[in-house]
Amino acid sequence: MRDLFLDMMSVERGASPRTIRNYGRDLDRLNMFLRGRQKHLLSAGRDDLTSYISHLTKTGRSAATTALFLSAARQFYAFAYEEGVMDDNPSEGIERPKTHRPLPKVISVDEVTALLNQVAEDAISLKLSSLRLHALMEILYATGLRVSELCGLPRACFHPDQPWLNVIGKGNKERLVPLTPSSLSVTKKYLQHLPSKDQKSLFLFPSRGKAGHLTPARFAQLLKELAVKVEIEPERISPHVLRHAFASHLLAGGADLRVVQQLLGHADISTTQIYTHVTQDRLAKVMEEKHPLSKA
């Protein structure tokens, strides 16, 4: 049943290979625990699962790790119940451990502007590496793509006469992401200077490496080098920080949370809601201006 569940997660839900491996590992660990209680995955009850959660806590596992296990167990037992293999779902009603989610690191609009101005100045030389970094930076701040999505963008997703990208994100979910005029223009210029040997690449940002495209690690390194040029501490800059900046700056400017969720490719809006915590200045201003008692 375990293998059938993992196949279903892969085929029907488009779970990534990493998620499949983690779910398989978590279920195997649970099964080992159950053997000590003379049981197995399909004979486990609610008490067995709560005992296992207590076991994880006592052995020093974090709330986040325990929450990930519970996610795997819930989906496995829901599948087994729906398939008629089990009479009930033993994971139902078990509370998810409370986890502390740190606030995202964000840089200011002025700092992003400084980075973009610097990379634009470097691109005047028409050196391919500078043109590529300029395009990467413009696309990232214009779209908020995950770094894996950005570096692995297929060439076919970009059309010079269309101001959007067709992105395949987590779970093989497809979404349209609009481009700014600046990011569209810069990317066109980069492609015009791409050597003929790279014109036939399947990727927008080809590389000679094994992956065939620029790696996230290399892009992160280039970002830190760029940060040093504009006197920003390199440890404060990463592709993910720019993704955070994209979302936070949109919300601070009045964008709808649901729109930001769609742009980021979040399956659950609760993931997007964390960005509301970094826009407290704007929220306080709205309360001051709009709440009737604030005018009293």
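**Salt bridges and a pocket**

Modeller: Gladly! Let's start with Asp3, which is partly exposed, with a relative accessible area of 48%. Here buried means under 20% relative accessible area, exposed over 50%, and partly exposed in between, using a 1.4 Å probe and protein chains only. Before we go on, this is a predicted model: local features need pLDDT of at least 70, side-chain atom pairs count only at pLDDT 80 or more, and totals for chains, interfaces and linings use all residues. Residues are numbered from 1 along each chain as its sequence is written, and side-chain values use heavy atoms, with hydrogens and water left out.

Colleague: Which residue meets Asp3 in a salt bridge?

Modeller: A salt bridge is a side-chain nitrogen of Lys or Arg within 4 Å of a carboxyl oxygen of Asp or Glu. In this model, the partner of Asp3 is Arg2, at 2.6 Å from N to O. Arg2 is partly exposed too, with a relative accessible area of 25%.

Colleague: How many salt bridges does the structure hold?

Modeller: There are 11. One of them links Asp26 with Arg25 at 3.2 Å, N to O. Asp26 is buried, at 9% relative accessible area, whereas Arg25 is partly exposed at 36%.

Colleague: Is Glu149 buried or exposed?

Modeller: Glu149 is buried, with a relative accessible area of 7%. Its salt-bridge partner is Arg146, and the closest N and O atoms are 2.6 Å apart. Arg146 also counts as buried, at 13%. Elsewhere, salt bridges with shared partners join Arg2, Asp3 and Asp28 into one network.

Colleague: Now, how do I read a pocket?

Modeller: Rolling a probe the size of a water molecule over the atoms shows where empty space is left. On a 1 Å grid over the protein atoms alone, with a 1.4 Å probe, a pocket is an open set of points with protein on both sides within 12 Å along at least five of seven lines; lining residues have an atom within 4 Å of a point. The second largest pocket here has about 200 Å³ of space, a volume being the space filled by probe spheres set on the points.

Colleague: Which helix gives the most to the lining of the second largest pocket?

Modeller: Helix 6 does, with three residues. Helices are DSSP runs (H or I, at least four residues), numbered from the N terminus. The lining includes Leu128, Tyr190, Lys197 and Ser207. By class, the lining has five nonpolar, two polar and four charged residues; Asp, Glu, Lys and Arg count as charged.

How values were computed: Helix = DSSP H or I, 4+ residues; strand = E, 2+ residues; numbered from the N terminus.
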